[in-house]
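Morning, everyone. Please have a look at the structure on the screen, and I'll walk you through it.

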Amino acid sequence: MNEIGKKIRDIRKKKGLSQEELAESAKINLRTIQRIENNESEPRGKTLNLICKVLDLNAEDILDYGKKTDRSYLTYFHLSVLFGLFIPIGNIVILFILWITKKDKIIDLKDIGANLLNFQIIWTLLASFGLIIGAFLKITHLDIGPGNLILSLYFWLFLYVINIILPIIFAIKVNKGQTGNFYPTIIKLIK
């Protein structure tokens, strides 16, 4: 529990707030904020709720009650995307099942899972859209460029290669102890 102060400090800085601004907004003494961030004291009940309200968080996210660190689960979680190679939309369905069952039990899984699911949904839509456009152009005999279907297949293949390489790279990073939202977030569909 001695990391509560560090978490609060990191989130406060991410939100661009000074200690004084946080204290004023939360209606808490500045010295209390300083003690909490220096891990000299631990926020309780009302104080914790006031800080969380200003920082727009749940108290459970800071406290991590009942959560554990599980790098091997996070590694397999990233690699589960590869099911999409064998099962249509398996990259989303299996990932979602793994995420929903453990997101409240493993530290960082909630954010990492949302990031990865958002990426996979957008990736699936782009890959499908590329194939549909290529097939449409082939069926209607519209010539926009050299080999419409071939071009769309190259686009699809390029996306598939990216979706094989990135999960493997990020699984290796997680296995080495790095955590974070590695995937680019274009549109946040899941939070």
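First, the ground rules. This is a predicted model: local features need pLDDT of at least 70, side-chain atom pairs count only at pLDDT 80 or more, and totals for chains, interfaces and linings use all residues. Residues are numbered from 1 along each chain as its sequence is written, and side-chain values use heavy atoms, with hydrogens and water left out.

Now, empty space. Rolling a probe the size of a water molecule over the atoms shows where it is left. We work on a 1 Å grid over the protein atoms alone. A pocket is an open set of points with protein on both sides within 12 Å along at least five of seven lines; a cavity is a set where a 1.4 Å probe fits but cannot get out. Lining residues have an atom within 4 Å of a point. Points are joined across faces, edges and corners, and a volume is the space filled by probe spheres set on them.

The largest pocket has a volume of about 1,200 Å³. Its lining has 30 residues, and Ile11, Lys14, Leu57, Asp108 and Asp111 lie nearest the centre. Helices H1 (4-14), H5 (59-63) and H8 (109-140) each give two or more residues to that lining. Helices here are DSSP runs (H or I, at least four residues), numbered from the N terminus. The largest share, seven residues, comes from H8.

What is the lining of the largest pocket made of, by class? It has 15 charged, eight nonpolar and seven polar residues. Asp, Glu, Lys and Arg count as charged; Ala, Val, Leu, Ile, Met, Phe, Trp, Tyr, Cys and Pro as nonpolar; the others, Gly among them, as polar.

Next, the cores. A nonpolar core is a set of buried Ala, Val, Leu, Ile, Met, Phe, Trp, Tyr and Cys residues joined through side-chain atoms within 4.5 Å. Buried means under 20% relative accessible area, exposed over 50%, partly exposed in between (1.4 Å probe, protein chains only). The largest core has 23 residues, and Phe77, Trp99 and Leu109 touch the most other members. H6 (71-79), H7 (90-102), H8 and H9 (148-175) each give it two or more residues. H8 gives the largest share, nine. A second, separate core has 15 residues, including Ala26, Ile28, Ile51 and Leu63.

Ile51 brings us to helix H4, residues 45-55, where Leu48, Ile51, Cys52 and Leu55 are buried. The face turned away carries exposed Lys46 and Lys53. After H4 comes Asp56, with a positive phi near 60°.

On to the cavity. There is one of 30 Å³ or more. The largest cavity has a volume of about 40 Å³. Its lining divides into six nonpolar, two polar and no charged residues. Trp123 and Tyr160 are among them.

Last, the threonines. Buried or partly exposed: which is Thr32? Thr32, in helix H3 (residues 30-37), counts as partly exposed, at 25% relative accessibility. Thr75, in H6, counts as buried, at 10%.
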